[in-house]
Structures are given as C-alpha cells and as structure tokens.
Amino acid sequence: NKFCGDGLIGLRYAVLATILYVQSLGAFIMTTSAPAVVAPIKRSRGRPSLHIVNPFEGLIGQSTAFGQYPYFASDIIEGIARLDWHDRPIGIGGSSKPLSVKRLFGILSCLPVITAATVQEFLGLGLRQSQRYVKAIELAMPRLVKASPACLIAAMNGDFYIAGASPWTDTLEPPSTEALRKLHHDLRDL
C-alpha cells in the first residue's frame, strides 16, 4: 500500500505546508461571503424549518485532502457538539450526551442542503434529534467559513486552485539524455 507509514504523513505535511504558504502570500482573500445561506422554508403553520446551503459538501470528507476531520474545523465542531442540547435544568433529568462529531462531519461532507428532513433521512434519526444537528450546523457554519483555509474558500467560490503547486522554481538545467541513460543503467536490478 503506497499510503502506509511515512507516505501518508508526508502527504499531510505537504498539503499543510502548501496551505500555509498560500495563506502567507495573501493571494486569496478569505471572505465570509461563502455561499452558506440560512433561509426558512415557507410553511403555513408552526415554526419555519431551517434550510442551510452547505458550501463544504464534496470539499471536505474522507476522500479529500482535508480528510474526515479537517484540522481547521475540528475544534469548532467538537465544541459545538459538547453543548447542552437538551434544555434541562442542571441536575434534573438524567445525562445530556453530546452530539456525534463523526455525524456532524458526515453531514457537512455529504449533504448539499441541510434541513431537519435531509438529516433525518441521512442519519436515520428522529425529528427532534435531527433538529439538534441542524441547529449545531447553523451555529458552526459562520465559524467554519471564517476558519477555512484560502484554498478551500477558493474552491467554494469556484476558483481554480492547484493544491500541490510548488512556490519554488527550478534553476538547474535538465539532465542530458546520456546522463539519464547512465543513471537508468546504474539503478537496474542485478
């Protein structure tokens, strides 16, 4: 497996170094005007349900460079997950368990539009618990957008960003064909 041991760690450090370099250049201006729109859905009666457009969908998750738990979002999501979501007075009515961090990141990575109904269907939870997850995402969204690295903001805005681009330029002459042939011969299996 090519991602065992130091290979995966090296890849993570390379991605982190690239992100930090781009941030230091100031080439991309981080804005909080990412397309995270929170708007109520119109219904005839009752409290209006939230409708959150998710700018992180497809940009974070297991198959992305940021991984399942992005470094810029972990503290925010963990802190919001640990809030008291059950509205009970202190010492009355059992324990107040935190929301699942894994589920919150799953919602952010997979759902393009976050509502209680889509969360309920995605996680297989009841309506009340789904509403708690939607409220947690609503609280987290502005903080996540503000903490997002420049390359992620660029991707949210549809800009082209090369994650592995190197700031260094090569000033050496490329090796000659004869030198490459000799190197290839020296590196052969014996």
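Trainee: Why does F105 count as buried?
Mentor: Buried means under 20% relative accessible area, exposed over 50%, and partly exposed in between, with a 1.4 Å probe and protein chains only. F105 has 2% relative accessibility, so F105 counts as buried. This is a predicted model, where local features need pLDDT of at least 70, side-chain atom pairs count only at pLDDT 80 or more, and totals for chains, interfaces and linings use all residues. Residues are numbered from 1 along each chain as its sequence is written, and side-chain values use heavy atoms, with hydrogens and water left out.

Trainee: Why is the pair of F66 and F72 called edge-to-face?
Mentor: Rings of Phe, Tyr and Trp (its six-membered ring) pair if their centres lie within 6.5 Å; planes under 30 degrees apart count as stacked, over 60 as edge-to-face and the rest as tilted. The centres of F66 and F72 are 5.7 Å apart and the planes stand at 85°, so the pair is edge-to-face. F66 has a relative accessible area of 14%, so F66 is buried. F72, at 9%, counts as buried.

Trainee: Which residues do ring pairs link into a cluster?
Mentor: F56, F66, Y71 and F72. The structure holds five aromatic pairs.

Trainee: Why are α3 and α5 called roughly perpendicular?
Mentor: Angles under 35 degrees count as roughly parallel, over 145 as roughly antiparallel, 65 to 115 as roughly perpendicular and the rest as oblique. Angles run from 0 to 180 degrees between N-to-C directions, and axes are lines fitted to C-alpha atoms, for helices over the stretch in contact. α3 and α5 (residues 127-147) pack at about 70°, with axes 11 Å apart. The two helices are therefore roughly perpendicular.

Trainee: Which residues make that contact of α3 and α5?
Mentor: Contact means heavy atoms within 4.5 Å. R103, L104, I107 and L108 of α3 meet Y133, A136, I137, M141 and L144 of α5.

Definitions and conventions: Helix = DSSP H or I, 4+ residues; strand = E, 2+ residues; numbered from the N terminus.
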